[in-house]
Amino acid sequence: MKEAVVLQEQYRKIDFLKIKKKQKRVRFVKGMLFLLPSMILFSVFLFYPMARTLYLSFFLTDNSGATTVFVGLDNFKNIFTSPIFLKSLQSTFLFVLYTVPGTIVISLFLAVIANEKLKGIGFFRMIFSSTMGISVAAASVFWMFLFHPTMGWLNQLLEAVGLEGIGWLTDPKWALISVSISTIWMNLGFTFLILLGGLQSIDSHLYESAEIDGASYLYKLRRITIPMLSPTLFFVITVSFINAFQTFGQIDMLTRGGPQNETNLLVYSIYQEAFENYQYGTASAQAVVLFVIILLMTLLQFKLGERKVHYQ
Amino acid sequence: ACSSVEKDSEGTAKAKEDGESGGKTEVTFWHAMGGQAQVALDEIVKKYNESQDEVQVNAEYQGTYEETLSKYHSVGGTDDAPTIVQVNEIGTMSMVHSGNVEPIQKFIDEEGYDMSNLEENITNYYKVDGKFYSMPFNSSTPVMYYNKDAFKEAGLDPEAPPETYEEVEAAGKAIKESNSDMKGFALQAYGWLFEELLANQGGLLLNNDNGRGDTATEVAFDNKKGKSIFEWVKRMMDEDTFANYGTNSDNMVTGFLSGDVAMFMQSSASARDVIDNAPFEVGVAFIPYPEKEERHGVVIGGASLWMSKGKAEEEQKAAWDFLKYVQKPEVQAEWHVGTGYFAINPKAYEQQVVQEAYQKMPQLQVTVEQLQATKPSIATQGGLMDMIPEERKIIETALETVYNGGDVDEAFSTAVEQVNAAIEQANTARGE
Amino acid sequence: MSKVELWDISKSYDKQANVLNGINLSIEAGEFFVLVGPSGSGKSTLLRMIAGLEEITGGTLKIADRIVNHLRPKDRNLSMVFQNYALYPHLNVEQNILFGLHAKKVSKQEQQDRLKKTTEMMGLSELLKRKPRELSGGQRQRVALARSVVSEAPLCLMDEPLSNLDAKLRAHMRIEVRRLQKKLGLTMIYVTHDQVEAMTMGDRIMVLNDGEIQQVGEPIALYNEPANLFVASFIGSPKMNLGKAVFNQQMLKVEDFLEIDMGSIQPATKIVQAKNLTIGIRAEHILPAVDREATHHLDVINVEQLGNETLATFEIGPELWTAKWLGQWSIKVGEKVPVHISRDKLCFFDTDSGLLLKAASPTKEKEVAVV
Amino acid sequence: MSKVELWDISKSYDKQANVLNGINLSIEAGEFFVLVGPSGSGKSTLLRMIAGLEEITGGTLKIADRIVNHLRPKDRNLSMVFQNYALYPHLNVEQNILFGLHAKKVSKQEQQDRLKKTTEMMGLSELLKRKPRELSGGQRQRVALARSVVSEAPLCLMDEPLSNLDAKLRAHMRIEVRRLQKKLGLTMIYVTHDQVEAMTMGDRIMVLNDGEIQQVGEPIALYNEPANLFVASFIGSPKMNLGKAVFNQQMLKVEDFLEIDMGSIQPATKIVQAKNLTIGIRAEHILPAVDREATHHLDVINVEQLGNETLATFEIGPELWTAKWLGQWSIKVGEKVPVHISRDKLCFFDTDSGLLLKAASPTKEKEVAVV
Amino acid sequence: MTMSSSKKLVFYLLLTVSALLLFAPAIVAFLMSFMSSQDILTGKILPETWTLDNYIKAFERFPLFGYLMNSFIVSLFITLGQLLLSSMAAYAFVFLEFKGRDTLFFIFIATMMIPFEASIIPNFQTIRGLDLLNTYTGLSLPFFAVAFGTFLLRQHFKQIPKELKEASEITGMGDVKFYLTVVLPVAKTSLVTLGVYGFLTSWNMYLWPLLSTTDDTVRTVQIGLKQLQSQEQLNEWGVIMAGGLIVVLPTLILLFLGQKKLQKGLTEGAIK
Ligand SMILES: Nc1ncnc2c1ncn2[C@@H]1O[C@H](COP(=O)(O)OP(=O)(O)OP(=O)(O)O)[C@@H](O)[C@H]1O
Ligand SMILES: Nc1ncnc2c1ncn2[C@@H]1O[C@H](COP(=O)(O)OP(=O)(O)OP(=O)(O)O)[C@@H](O)[C@H]1O
Ligand SMILES: [Mg+2]
Ligand SMILES: [Mg+2]
C-alpha cells in the first residue's frame, strides 16, 4: 500500500505528457535531419518550379516566359475546351493503359525466367537489362528503322508471311500502339532489373517448403512469388505509371505527336507549347493538370495498393 | 569536390579586359549546327580566327533550333548570353519581340555597309519593317527530287520533270503503272512545305501583308489557294500514287532512295546527300504549282545570326566583323559546297569550288535557279509571326488527317480555325 | 509408407570439409526413426538431402526402392517441418496449412476436413485468420507442424518440430504425432534434442556426431549399451558419469580417487587387458545408501531439486558425477553423503578408441508383482 | 543489478482483447527469474515490453527504481536474446557478437577478451568467420546468446535461449549461464519451456496463463504447492495426475473408479466441505508395490522406457494417470500392476475455482544418513 | 535445388528467344554502324561491305574521350548523391517514427509527378543564379534528391526484419550507426540497383546537360551524340549508330558489373 503511494508520487513527478511530447519532438527532429538534404534540394529544384508553374498557369507570357497578362483561369478553360488537349489527354490515358501492364507483364516474365539458377544466366540477365543502358534517343532511332514503312524489319517480316505492311508510325490506328511497343521495350530493362532484385530477396525456404508440397511452377508463381514480390511490384507499377504519364523523348523522335495528334502525349504537348510555341501560360496550365492527374492516380494507388502489399 | 569550370564568366571578364588592353576580343557564338554542317561551320570559324588577330570567335553548339532559342530566351539580357546566336527563320519575330537583340541595321548604318550584294530573295525575308535585325546565314528552300531511272522506265522524260500538280499526278500514275511497288509522290506532313507550296501559288500565309505590314490577326489562306494543296494530295491518295511517311523526313528519304517512291519534296540542303547516296540518277526540279495558277517561287528557309544587346561595344564590333566575314564569297562558296545550303552572296557561285561541284552534280544548280527565279513579292517574302511553329503543327495535323483518309474541307477549316485562335492568343499574350 | 535407404551418402558445402561422411542407413517403411546429435552435427543437412533441398555430394539415396538422387523434392512424395518453420508470411494460418493441399488439388471438402482435424489437434482453431507475424513462437511452430501433418505424405521429415512448445503441450503433441504416424503408417524421420522424445517416440534412434554415424538402434539399447563414449555421454540426461580407471588387482581405482571392489574378475577379459580404461555409470545407478549398505561416502558439491527428482553432484577427482534420486531429498552442499555404487552397473570403455568394452550387466529388470 | 517492478501492466495488440492483464510483479536485483507458461500466453510480449520494444498499454514499469515506461530500449541498459535470434545476416559470427560492444565503445582489447571467453564457453570458436546463413539452428542460437552475454548489461532478458540445443550442450549452457549471472550479479528474466531449466536455474518462477499470473514462487514451492489446477498440471513432467473425486465417508472415490482410504479426516476441513473436489497426485508418488503393500491394482495401457526411468500409464475412469519409476521396469501393456498410492501424497483442489485446498502433506523429506 | 534437364532446356529456350527478341533493335544498330550510308539509306539489312568509317568519323566529330570523362564524373556524382540522400530519406521513412511521416512521404512521392520539362527552365535560372553554369556541380546538383530512389529503397528497407532494429536498439546503437552498419549493408542489392539506375539515367541525360552548359569543357557524351545529328539535312545514320554504340558500351559494361555485384550481394546478405 505504502509502496503504491510512493509510486504514485513518483509517477506524478514524471510528467509523462511532457516527456512523450519531448520524445516526439526528438524523433521528429531526427526524422527531419535525415530528410533535410532531400528536402532542401526538393524545395529548390522541384517545389519552387512547381510553384512557379502554378503561378504561370494564370498568365499569358511573352517569348522569354515573362508574364504579361493575368488571365485567371482562362488558360484552364482554354485547354479544356481545346479538342487538341482533350485528344492529348485521351492519348495519354491510352498510352498508360498500353504500356504499364505491357511492361510489367513482360518484364515479370523475363525476371521469372532469369531468376533460375542456370549456367550463363548472368549473360541473359545482362541482355534483359541492357535496354536500360540505351538512351531514349538512341532507342528511338533503332525503332524508327524497325518501323520504317517499307524497309523496316517489321513490315518486311509481315510481307514475308504474306501480310500487308502497316503504317506503324503514320497510321493513326497504329501510331500509339507502335510508340507503346517501343516504350515498353525501352522500359523493360529497368523494370526487369528491379523485379529480379525483388525475386531474389524472397526467402528460399518458402520455395523449398512449397517444392516439398509438390506445388507446380505456376502455383508457386501465383501463391508465393507474386505476393512476396508485391512490395516490389507496387513500386514498379507506381513508378511505371508516373513515367508513362511523363513520356517525351520517343514521341519527339518517332512521331512528333502525329499522326493527327494521336501520339500527342501530355508532356510532349507541354514541351511544344512551352519551347516551340512559347506559350508558357498554357503549358503551365497543362502541366498543372498533368500533375493533378498523376497525383490522383498515385493517391488512388497508394490507397488501394499499399493495403494489398505484404511486407515481410 | 566539383572542379568547376568558370570559363564563361571569366571569359567575359577577360574579353572586356582584353578589349581595353588591345588583345583578342572574344565572341561567343551559339549555333544549332550538328552533323556535317557543324564540321563546315567549325572550319569557317577556325579560318576566321586565323585570318586576323583581333577577334577570337568561340563557336558553341547548343542543340536544336528550338533548344537554342529557348536557352537564349532564358539568358537573354544577362552576362551569360552569347554575343551571336543562330536562330531559324521562324524564330525571327520571337527574337524581335524579345528585346534582347541588337539589330544589325545599327552597324549597317554606322558603316554604310552594303547589304545589296546579298541574294535579294534572302534579304527580303530577313528585312522586318525595312530593317535588318539579323544577318542571314544558312538558307535553303524546298525542291522536288525525282528518280530519273524510274521516269525512264515509266516512259517519262527524265529531263522534263512535272511542273504542275496535275503533271505530278500524271507522272505518278505512269510510274505506278510501270512499277506497282513504287508510288508517285510523297509530301512530308511538314508545315514549311505547305507554306512553300502556298507561296509558290502567290498565296499569303497571314493577313496584314503576311504579317509584315502590321501584326497579323488571322490567316490569309482560307481560300482555294490553301485548300488546293490538300485537294491535290487527296487526288493522289485516291489514285493510290501517294506515299505517306507522316512527319518523318528520314523515312521519306530512305523510301525514295530505296525506290519506294519516285518524287518527293525536301529542303535543298539535302541535295548533295540524296544525289550521293542514290543508287540511281536523281533529278532535282522546282516545286510544283496548280495548273491554274502561275509560279511565284519559294520562300527562304534556314537561319540567321543575331547579335545580343548589352554587350561591350568592342565585343559587338568584333561580332559584326565576323558576320561580315561570314558572307564573303569565298566563305560562302565553301559553305555552299560543304553543306548544300545556299550561298547568301551570289558571287560565291562564281567561285572555283562551286563551279567544280556543279560540274559533278549539275542538279545542285537547279536549287539556286529556283531561288533566283523567284519573283519578289509579299507572298515569297514569307509570313512573319511568332506563332508560326504552332501554325505549322496545326497544318501538319490537318495534312495527316487527309493522308489518312479524312475529309479535306473539314480538315482544312478546322486548321484555319485553330491557327486563327492561336494567332489571337499570341497577340493577347503580347498584350496587343 | 516408404522405405528410405542411404548408401554411402556424403555432403560438403564448400567442396572441402565434409559435413556428412559415408552415411549408410536403411529406414524401414512405417518406421519412426529418430535422429539425434549435437548441434551442428549435420542432422538438418541430412534431412534436407533426403528432401531433395540440398545437392547430394556423394552416394545414393533410395526412397521406396527408387533411386531419387536426381528427383526434385515434389517428386519424392514427402512432407517436411523446417527448423525455422518457413511459414509464408503473406498467408494466414489457414492458408499456410492448406497451401500444399491446394497445390495437390485435394478436394475442397477433404481440405476442410483435414484442416479441422489438424487444427483442433494442434490447438490452432482460434488462430486460423492470423498472419504468422502475429503469432507467438510456439504457435508458429505448430502451424509448421500442422502443414506437414495435413499433407499425409507417406514419408515425413521433421526438424525439431516441438522445440518451442511447453512441456504439457509437448507431451500432448508427442502422443498425437506418434499416433498419427502409426495410424497412417507413415515413415517418419524425426530430428530432436529432447531425450524424452527420442526415447519414447522412436522405433530406432540414430546418433550422429561430426557427420558420422555413432550408433543406430532401439532407444533402450542405446541407453543400456552405448557403442562408445560419445553415445554414452550423449544419450541420457543427466549424462552418464565417466571416469578414467585403472585396475589394481581386484580394486578399480577411478580418477585416482574412488575405489570400487570388483570382486572376482577374470584377468583374461578384455577389460583388464585394455591399456586405458574409462568407466561409466548412470546417474540413477549411484544409489542413496538408505536401505543398502554404503559403498562410498562422497562430498556433495551441488544439489538440484527438480521437484520429482533430486540431482546431487559429487566431485570425483577432476570429474563431476551426478546422482539422480526420485523424490525430494534434503541434502546440503558440503555434506558427505553415503552412496551405494554397484560394480554390476559399471560400463567399461577403451579410452583410446572410445569403444564399449562391456556394458552394465544385463541387469535383471525390475518387476512389480503381477497379479 | 537492476530491480524490475511491474505495476498493473497490461498489453493489447489490437486495442480489444488484452494479451496481458494486470501484471503485478517485483523482480529483485540479481535475481534469476524464470517465466513459464503455455505457448501464446504472453511471455515474449512481457519480455518485449520490459525491453521497451512494445508499447506498454497500461501500468507502470520500473527498472532500478526508475520509471521507464517512456524510456527507449537503449536507455534501459539491458540485453536480450530473441526467440528467433535476430542475427545480422551480413555480419559473421564474430561481428555479430561484437556488434553491441562496438556501439558502446568498449575498448578493442576488452572486446577481444570478452569475445574469446564467451565463444569458448559457447563452443563457437571455430565458427567466428561464418555468416549466420551457414550455421545450424543450434549454432545460430548460441550466437544470439553470446551476443547478449558479451554485453554484460545488468538486466538480461532471454527468450528460450537454449531451445535448439541438445541435452548435453544444454546442460552445459544451463550451468554456464547461471554461473555467469551469479558472477556478474545480473538480473535475469528468462523464458523457457524446459522443466529442468525452470526448476534448476530460477530463483523464482512465474507461471503465466492467458496473460494472467497464476503463481510466483520458488521452484520447489510451485512444485509442491501449486496454487491452482493450472499450475499443478503445468509444472512437472509428466504432469500431475488429476481426477474428480467425491468423499464417501472415509473413502475418497476418484472418477468413480479408484477408492482411496483417507483414514480419519476432520469433517470440518474445507476439503470435505468443497462441493466439487479434484485430487491430484504426482507421477512419482504412484509407487510400485514392491517393498510396500499394494493399495491398488491398475491396468497398464502404455509403457514408456526413458532409459533412466519408466513411465507407466493407467486408465482411471476417463483420465489417464502416469506413474514414473526410476530405472527400467519390465511391464507389459495390458498387465495389471500393483501400486501403492499414499493418501498423504494427494493434493486437493476446488474443481470450480481451481484453487488449491490442501497440498500433499509436507512430506518428511527423505534423508540419507549423514556421516 | 536440382532441376531436370528437360526443364532446363525449356528455360534456355525461353531465355534465348527472349534475348533475341529483346536484343534485335540493338543488333540492328550494331549492323548499321558498319554500313556505308548508301547501304543504310537504301534499306539493306546486312552491310554490303563492312566499314569502320562510321566509327572513325564519330571519333573525329567530337572530343569523345573528354565527353566520356565528363559523363562519367557527372554520373558518378549524381549516383553517389542519390544513394546518400535517398537512403537517408528512406531510412527515416521506414525506421523512424515521427508525426507527419506518411504525409511527408507522400509529398516526396508527389515530386515524382512534376514533369521534368515543366521545371527545367526555372531550374536553369536557379543554377544560373547560383553561378553554377558550366560546372559539374550545376550539372549534378538538381538530381541528387530523387523521390524515386527514396521510394525504391523504402520498399526494400521495409523488408528488413524489425528484430534487427530492435536488437540494435537494445544494444544502444544510435540511428546513424544502425543506418550505416546494418541497413546499408543489408540493403546492398537495392543500393546497387539504384546506383546502376542512377548512373545510367544520368549518363543518358541530354536536355539538362545541354541547357546548363554552354561550351564543350564539361559537356557530356549525349550532347556529342546529338551533335552527330543535323537539321534540315540528311543524317548520317551510320555515324550516329556508331556513336550510339560507343556511348552505350560503357553503360553495358557497368550493367554487367552491377549484375555481378548484385548477385554477390544477394548471396552474402540474404536475410534468412
Ligand atoms: N549453407 C551452409 N554453408 C556452410 N556450412 C553450413 C551450411 N549450412 C550448415 N552448415 C554447417 O554444416 C554443419 C551441419 O549443419 P546442420 O544444420 O546440418 O546441423 P544440425 O545437426 O541440424 O544442428 P542443429 O541441431 O544446431 O540444428 C554445421 O557445422 C553448419 O555450420
Ligand atoms: N503482433 C501481434 N499482433 C497480434 N497478436 C499478437 C502479436 N504478437 C503476438 N500476438 C499474440 O499474443 C499472444 C501472446 O504472444 P507471445 O508471443 O507473447 O506468446 P509466448 O508466451 O511468447 O508464446 P510462445 O511460448 O509460443 O513463444 C499470442 O496469442 C499471440 O498470438
Ligand atoms: Mg538443424
Ligand atoms: Mg514467445
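Colleague: Where in chain C is C:P238 found?

Modeller: Keep in mind that this is a predicted model. C:P238 is found in the loop of chain C between α8 (229–234) and β11 (241–248).

Colleague: And what kind of peptide bond, cis or trans, joins C:S237 and C:P238?

Modeller: Here's the general idea: most peptide bonds are trans. The bond joining C:S237 and C:P238 is cis, with omega about 0°. Now look at chain D: the peptide bond from D:S237 to D:P238 is cis too, with omega near 0°. D:P238 is found in the loop between α8 (229–234) and β11 (241–248) of chain D.

Colleague: Omega I get. What about phi, say for A:Y278?

Modeller: Most residues other than glycine have a negative phi. A:Y278 has a positive value, near 55°, and it isn't a glycine. You'll find A:Y278 in the loop between α12 (266–276) and α13 (280–308) of chain A.

Colleague: Next, the metals. Which atoms coordinate the magnesium ion that is ligand 3?

Modeller: When you read a metal site, list the protein atoms that reach the ion, then ask where they sit in the chain. For ligand 3 they are C:S44 (OG) and C:Q83 (OE1), at 1.9 to 2.2 Å. This pair links distant parts of the chain, 39 residues apart: C:S44 is in helix α1 (residues 43–51) of chain C, and C:Q83 is in the loop between β6 (78–81) and α2 (93–103) of chain C.

Colleague: Now for ligand 1. Between which chains does ligand 1 lie?

Modeller: Start with the neighbours and check their chain letters. Ligand 1 lies between chains C and D. It has 20 residues around it, and the closest are C:S44, C:T45, D:R130, D:S136 and D:G138. Then look for polar atoms facing each other. A polar side-chain atom of C:S39 is 2.9 Å from an oxygen atom of ligand 1, and a backbone N or O atom of C:K43 is 2.7 Å from an oxygen atom of the ligand. From chain D, a polar side-chain atom of D:Q139 lies 2.8 Å from an oxygen atom of ligand 1.

Colleague: Why is the site of ligand 2 shared between chains?

Modeller: Because residues from chains C and D surround ligand 2. There are 20 residues around ligand 2, and C:R130, C:S136, C:G138, D:S44 and D:T45 come nearest. On the chain D side, an N or O atom in the side chain of D:S44 is 2.5 Å from an oxygen atom of ligand 2, and one in the side chain of D:Q83 is 3.0 Å from an oxygen atom of the ligand.

Colleague: Let's zoom out to whole chains. Which chains share the most contacts?

Modeller: Chains A and E do, out of eight pairs of chains in contact. The contact takes 88 residues from chain A and 90 residues from chain E. Together chain A and chain E bury about 8500 Å², with 78% of it on carbon and sulfur atoms. A:F34, A:F45 and A:W153 supply 9% of the area that chain A buries against chain E, more than any other three residues.

Colleague: How many salt bridges are there between chain A and chain E?

Modeller: The idea first: side chains of opposite charge can pair when their charged atoms come close. Between chain A and chain E the count is one salt bridge. The side chains that meet are those of E:D175 and A:K30, at 2.4 Å, N to O. On the side of chain A that touches chain E, the residues divide into 61 nonpolar, 17 polar and 10 charged.

Colleague: And how many salt bridges over all chains?

Modeller: The count comes to 54. One of them is within chain B, where the side chains of B:K227 and B:D409 meet at 3.0 Å, N to O.

Conventions:
Residues are numbered from 1 along each chain as its sequence is written. Chains are lettered from A and ligands numbered from 1 in the order in which they are written. This is a predicted model: local features need pLDDT of at least 70, side-chain atom pairs count only at pLDDT 80 or more; totals for chains, interfaces and linings use all residues. Side-chain values use heavy atoms; hydrogens and water are left out. Donors are N, O and S atoms within 2.8 Å of the metal (3.2 Å for Na, K and Ca); water is not among the atoms, so sites may look incomplete. Helices (H or I, at least four residues) and strands (E, at least two) are DSSP runs, numbered from the N terminus. Contact means heavy atoms within 4.5 Å. Buried area is the accessible area (1.4 Å probe) that two parts lose on being put together, summed over both. A salt bridge is a side-chain nitrogen of Lys or Arg within 4 Å of a carboxyl oxygen of Asp or Glu. Ala, Val, Leu, Ile, Met, Phe, Trp, Tyr, Cys and Pro count as nonpolar, Asp, Glu, Lys and Arg as charged, and the others, Gly among them, as polar. A residue is near a molecule or strand if one of its heavy atoms lies within 4 Å of it. A polar contact is a pair of N or O atoms within 3.5 Å; within protein, one must be able to donate a hydrogen and the other to accept it, and residues adjacent in sequence count only if both atoms are side-chain atoms.
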